[in-house]
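The following questions and answers examine selected features of a single protein chain. Please consult the sequence and the structure as each answer is read.

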Amino acid sequence: MEYVLSMLKKLMACHSPSGFTGPVAALAAAEFRSLGFPARLTKKGCVLAELGGEGNPLAISAHIDTLGGMVAEIKSNGRLRLTRIGGLQANNVEAENCVIHTRFGKTFSGTMQLNQPSAHTNEKYAESKRDFEGMEVVIDEDTDSREATEALGIAVGDFVCFDPRTVITETGYLKSRFLDDKLSAAILFGIAREIKDGALKPRRKVYACLTVYEEVGHGCSAVVPEDVAELLCVDMGCVGEGLGCNERKVSICAKDSCGPYDYDMTTALIRIAKEQNLAYAVDVYPHYCSDADAALSAGRDLRHALIGPGVYASHGYERSHLEGVENTLALIRGYLTA
């Protein structure tokens, strides 16, 4: 668990909205290699590692891209209007610190604010709409014009990354932006570490896939090796009204908005969870598509399933728990050795 949490912190500290994932992919590939596993970057920047084993190939996947923003306009006041990357909600990043990454190596700090953020000067502060038209990034530089901001080196198309604010409480709660899905990626590193140490001996050939375009819909569309028969996608488990999962459980998804998951794989996962007395929930996700869906939509002939630690407040300031991590690790172990 210490290793999983250390990897979570490393991944969280590396900004990686979809399309700006080179540094985090390099970090991930280097970590797999340090554990002794062959790892490479695919043409579009996903990470593919071979974890060993023989026969009946399985791929386990998670994604290391996150939500974020991109500069859509440098306004006449020198501030930035953003366009969202993935499902980022403007109201969830109000008053959040961020970093602007220019395409040529410079970085600048800033804060996302309402266009009129002071309650002392804006009588309609409470009713102001929180969207990307009514909000702007205030740059921590002396600039009050488009020309002054451009002179800094900031341009349309630059990526804007928000502070994850990662906290691990004494009660075992994990709080951070982007637990979706860097927590699952850290769990896959935990599995790799157990294989390396000999604590886990899979009964089949195993690949680990870390994708980089999941938040925009095509993460796993072209990374799964041709010999793979099954894809076990590890992504955040939904927590909300009408669902059985919470932050301490591992979620097994029976169906999402793209359709049902493979019957036999899902049944096997439920059986393992029962046999091992894991805290788990089987749920139907109402507004969700996974990397497994992307692989099938791309034409791959695969059996597919989806599990993950319960994550509360997805696409906002998210929360999970160490017990959810432990239950997810146990379910993956069980499936690899079944």
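Q: How many disulfides does the count give?
A: This is a predicted model. A disulfide requires a pair of cysteine sulfur atoms within 2.5 Å. The sulfur of Cys98 has that of Cys161 as its nearest cysteine sulfur, at 8.7 Å, and Cys98 is in no disulfide. By this rule, the count is zero disulfides.

Q: Is Cys98 buried or exposed?
A: The cut-off for a buried residue is under 20% relative accessible area. Cys98 has a value of 3%, so this residue is buried.

Q: How many salt bridges are there?
A: Side chains of opposite charge can pair when their charged atoms come close. The cut-off is 4 Å between a side-chain nitrogen of Lys or Arg and a carboxyl oxygen of Asp or Glu. By this rule, the count is 17 salt bridges.

Q: How many residues apart in sequence are the parts tied together by Arg130 and Glu94?
A: Arg130 and Glu94 form a salt bridge, with the closest N and O atoms 2.9 Å apart. Arg130 lies in the loop between strand 7 (107–114) and strand 8, and Glu94 in the loop between strand 5 (80–85) and strand 6 (97–101), so the pair ties together parts whose separation in sequence is 36 residues.

Q: Which residue forms a salt bridge with Glu230?
A: The closest N and O atoms of this salt bridge are 3.0 Å apart, and the partner of Glu230 is Arg303. The pair links distant parts of the chain, 73 residues apart, with Glu230 in strand 13 (residues 230–234) and Arg303 in strand 18 (residues 303–311).

Q: In which helix does Glu323, the salt-bridge partner of Arg248, lie?
A: The side chains of Glu323 and Arg248 meet in a salt bridge at 2.9 Å, N to O. Arg248 lies in the loop between strand 14 (237–238) and strand 15 (250–256), so the pair ties together parts 75 residues apart in sequence, and Glu323 lies in helix 7 (residues 322–337).

Q: Which residues form a negative surface patch?
A: Asp144, one of its members, is found in the loop between strand 8 (135–139) and helix 3 (146–152). Asp144 is exposed, because its relative accessible area is 63% and exposed means over 50%. The negative patch is formed by Asp140, Glu141, Asp142 and Asp144.

Q: What is the phi of Asn56?
A: Asn56 is in the loop between strand 2 (47–50) and strand 3. Asn56 counts as partly exposed at 44% relative accessibility. Its phi is positive although the residue is other than glycine, with a value near 45 degrees.

Q: What is the separation of the C-alpha atoms of His63 and Asp235?
A: His63 lies in strand 3 (residues 58–63) and is buried, with a relative accessible area of 0%. His63 and Asp235 are 172 residues apart along the chain, and their C-alpha atoms are separated by 7.6 Å.

Notes: Residues are numbered from 1 along each chain as its sequence is written. This is a predicted model: local features need pLDDT of at least 70, side-chain atom pairs count only at pLDDT 80 or more; totals for chains, interfaces and linings use all residues. Side-chain values use heavy atoms; hydrogens and water are left out. Buried means under 20% relative accessible area, exposed over 50%, partly exposed in between (1.4 Å probe, protein chains only). Patches are made of residues with over 30% relative accessible area and no salt bridge: like charges are joined within 9 Å, nonpolar side chains (Val, Leu, Ile, Met, Phe, Trp, Tyr) within 5 Å. Accessible areas come from the Shrake-Rupley method with a 1.4 Å probe; for residues, only the protein chains shown count as cover. Lys and Arg count as positive and Asp and Glu as negative; His and the chain ends are not counted. The place of a charge is taken as NZ of Lys, CZ of Arg, CG of Asp or CD of Glu. Helices (H or I, at least four residues) and strands (E, at least two) are DSSP runs, numbered from the N terminus.
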